[in-house]
Amino acid sequence: MIPWQGERPIVIDSPTATGWVRLSYKILAVLVVISILFPPLLVARLLNADTARQAIVRVACRSALLVLGLSVKTRGTPTLKPGGMVANHCCWLDVIVLNSVHDAYFVSKAEVRNWPLCGVIARAAGTVFIRRRIMDALLQKIEFMDRIGLGHRLLFFPEGTSTDGRRVLGFRPTLFAAYFEGDFRNTTWIQPVSFVYAAPTGRRRDLYGWWGDASFIGHAAMIISAPNQGSVEVVFHEPLKVGDFSDRKRLARTCEERVRSAVQMN
């Protein structure tokens with residue numbers, strides 16, 4: 001994955017003295033939540049108990065957002081139809097936000113698998129790890145088909161990178177390919193989803209954006225240590241039936257237009 005470099009370099013503010021204190025107790029609170037919920041999550045994963053897994057992940061994500069102080073609003077109705085969901089990608093918070101209001105298996109870059117703590121949790125939550133390389137396209141397609149066959153609703157980011165949250169980049173059609181295979185074409189739906197972040201009063205509008213070469217740790221420390229938080233609206237657009245589109249490029253383009261319509265209105 002090639003990171004979006006943006007129109008200007010990202011600014012990562014270091015925590016203040018009180019910010020470090022705030023960061024410490026919030027991380028401690030999240031670790032307490034993880035220590036309580038991770039064992040049953042692991043058991044649910046091992047037993048393939050999807051309903052229990054989803055419930056545990058939702059509680060964990062809502063608890064994390066409560067600790068952080070980020071307000072979440074929704075518009076539209078999340079689909080229960082078989083298939084997948086696609087969204088614009090602002091930052092690492094997207095995963096937590098969506099799982100706090102709906103159930104989905106995330107598709108993530110392969111590097112996350114080896115991240116300390118985050119990688120372990122992601123694996124237990126059933127995340128699909130991919131490498132965005134041409135040579136791996138067939139393997140990704142097979143993995144998607146296996147998951148779709150199991151009834152898993154996958155959430156992926158067709159932009160292929162995260163941005164400043166103020167725009168939507170072109171959607172790449174590669175990851176849509178599995179939905180056009182065999183019976184999936186006539187039995188699956190794709191729901192476009194928009195993440196619309198609003199910074200707290202007095203902070204720059206792209207505060208939650210994570211782009212370029214900014215490190216995860218640096219960006220997370222800046223957000224978590226902030227004295228106050230803004231909000232994010234999750235917009236669920238009408239699901240699109242895969243069979244109504246002649247090919248993956250047309251479906252990707254329509255999804256991109258729907259997602260952009262909400263982000264650029266902000």
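**View 1. Helix 1 packs against helix 2 in this predicted model.** Lys26, Ala29, Val30, Val33, Leu37, Pro40, Leu41 and Ala44 of helix 1 meet residues of helix 2, among them Ala52, Ile56, Val59, Ser63 and Leu68. Contact here means heavy atoms within 4.5 Å. Helix 1 covers residues 17–46, and helix 2 covers 50–68. Helices (H or I, at least four residues) and strands (E, at least two) are DSSP runs, numbered from the N terminus. Two packed helices are described by the angle and the distance between their axes. The axes of helix 1 and helix 2 come within 9 Å and cross at roughly 180°. Axes are lines fitted to C-alpha atoms, for helices over the stretch in contact, and angles run from 0 to 180 degrees between N-to-C directions. Helix 1 and helix 2 are therefore roughly antiparallel to each other. Angles under 35 degrees count as roughly parallel, over 145 as roughly antiparallel, 65 to 115 as roughly perpendicular and the rest as oblique.

*Notes for every view.* Residues are numbered from 1 along each chain as its sequence is written, and side-chain values use heavy atoms, leaving out hydrogens and water. Because the model is predicted, local features need pLDDT of at least 70 and side-chain atom pairs count only at pLDDT 80 or more, while totals for chains, interfaces and linings use all residues.

**View 2. Leu42, Val43, Leu46 and Leu47 make a nonpolar surface patch.** The patch is about 410 Å². Patches are made of residues with over 30% relative accessible area and no salt bridge; like charges are joined within 9 Å, nonpolar side chains (Val, Leu, Ile, Met, Phe, Trp, Tyr) within 5 Å. Areas come from the Shrake-Rupley method with a 1.4 Å probe; for residues, only the protein chains shown count as cover. Leu46 lies in helix 1. Leu46 counts as exposed, at 65% relative accessibility. Buried means under 20% relative accessible area, exposed over 50%, partly exposed in between (1.4 Å probe, protein chains only).

**View 3. Asn48 sits in the loop between helix 1 and helix 2.** Its phi is near 55°, a positive value in a residue other than glycine. Asn48 counts as exposed, at 63% relative accessibility.

**View 4. Arg75 and Glu233 form a salt bridge.** Side chains of opposite charge can pair when their charged atoms come close. A salt bridge is a side-chain nitrogen of Lys or Arg within 4 Å of a carboxyl oxygen of Asp or Glu. For Arg75 and Glu233, the N to O distance is 3.1 Å. Arg75 lies in strand 1 (residues 71–75) and Glu233 in strand 7 (residues 231–236), so the pair ties together parts 158 residues apart in sequence. Arg75 is partly exposed at 38%. Glu233 is partly exposed at 21%.

**View 5. Arg147 and Glu143 pair within helix 5.** Their salt bridge spans 3.7 Å, N to O. The two residues are four apart, about one turn of helix 5 (residues 137–149). Arg147 is buried at 8% relative accessibility, while Glu143 is partly exposed at 30%.

**View 6. Arg260 and Glu256 pair within helix 8.** Their closest N and O atoms are 2.9 Å apart. They lie four residues apart in helix 8 (residues 248–263), about one helical turn. Glu256 counts as buried, at 14% relative accessibility.
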